[in-house]
Amino acid sequence: MYLLVTPPTWLENRYYLLKFEDLTQRPNATTSALLRFLGLNYTNTVQKFVENNTSNFIEYQKQMRRKWEDTGVHVKESWKKGLGVHSVELLVNACRNIFESDLFEYRHVTLNI
């Protein structure tokens, strides 16, 4: 298994790491930061657009979180058994040339299964 430790220096100030989780959990702050990175203004019109298009999703997330908290631990952890070691090894081997390239600094980690 490989983890991206730090981006290469040639990417410095040339990309913005946008995570789905940030966009869905904090849409206003995340959109504002992205627009600032792009040199654009986060106007009231943009803010209203974001709020109008994410408010239902945020409420849905809250409902799902409550349902998730009511679910037993065995159900929450069961996905780990669905992806076997063989599948993980196939994925790692398929991506090995990327992981070991000089484009990104990946660190090899050992899976404790």
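Six helices and two strands make up the elements of the protein chain.

**Architecture and confidence**

- Read from the N terminus, the elements follow the order β-α-α-α-α-α-α-β.
- The protein chain has 113 residues, of which 16% count as buried.
- Helix α2 (residues 27-37) has the highest mean pLDDT among the elements, at 94.
- Strand β1 (residues 2-6) has the lowest mean pLDDT among the elements, at 58.
- Where pLDDT is low, the predicted coordinates should not be read in detail.

- The buried residues in α2 are P27, T30, T31, S32, A33 and L35.
- T31, a residue of helix α2, has a relative accessible area of 16%. T31 is classed as buried because this value falls under the 20% cut-off.
- G39 follows α2 and has a positive phi, near 80°.
- Y42 sits in the loop that runs between α2 and α3. Its relative accessibility is 23%, so Y42 counts as partly exposed.
- T31 and Y42 are eleven residues apart along the chain, and their C-alpha atoms are separated by 7.9 Å. N28 and Y42 are 14 residues apart along the chain, with 9.1 Å between their C-alpha atoms.

**Salt bridges**

- The count of salt bridges comes to two. Together they link K19, D22 and R26 in a network.
- Which residue takes part in a salt bridge with R26? The partner is D22, with the closest N and O atoms 2.5 Å apart.
- The side chain of D22 also meets that of K19 in a salt bridge, at 3.9 Å from N to O.
- Is D22 buried or exposed? D22 counts as buried because its relative accessibility is 17%, and the cut-off for buried is under 20%.
- K19 counts as partly exposed, at 40% relative accessibility. R26 likewise counts as partly exposed, at 42%.
- The network of K19, D22 and R26 thus includes a buried acidic residue, D22.

**Nonpolar surface patch**

- F20, F57, Y60 and M64 form a nonpolar patch on the surface. Together these residues have about 410 Å² of accessible area.
- Which helix gives the most to the nonpolar patch? Helix α3 (residues 44-70) does, with three residues.
- One of the patch residues, M64, lies in helix α3.
- M64 has a relative accessible area of 33% and is partly exposed.

Definitions and conventions:
Residues numbered from 1 in each chain as written. Predicted model: local features only at pLDDT ≥ 70, side-chain atom pairs only at ≥ 80, totals over all residues. Heavy atoms only, no water. pLDDT = per-residue confidence, 0-100. Helix = DSSP H or I, 4+ residues; strand = E, 2+ residues; numbered from the N terminus. Patch = residues over 30% accessible without salt bridge, like charges linked within 9 Å, V, L, I, M, F, W, Y side chains within 5 Å. Areas by Shrake-Rupley, 256 points an atom, 1.4 Å probe, with all protein chains shown as cover. Salt bridge = Lys/Arg side-chain N within 4 Å of Asp/Glu carboxyl O. Buried < 20%, exposed > 50% of the residue type's maximum accessible area, 1.4 Å probe, protein only.
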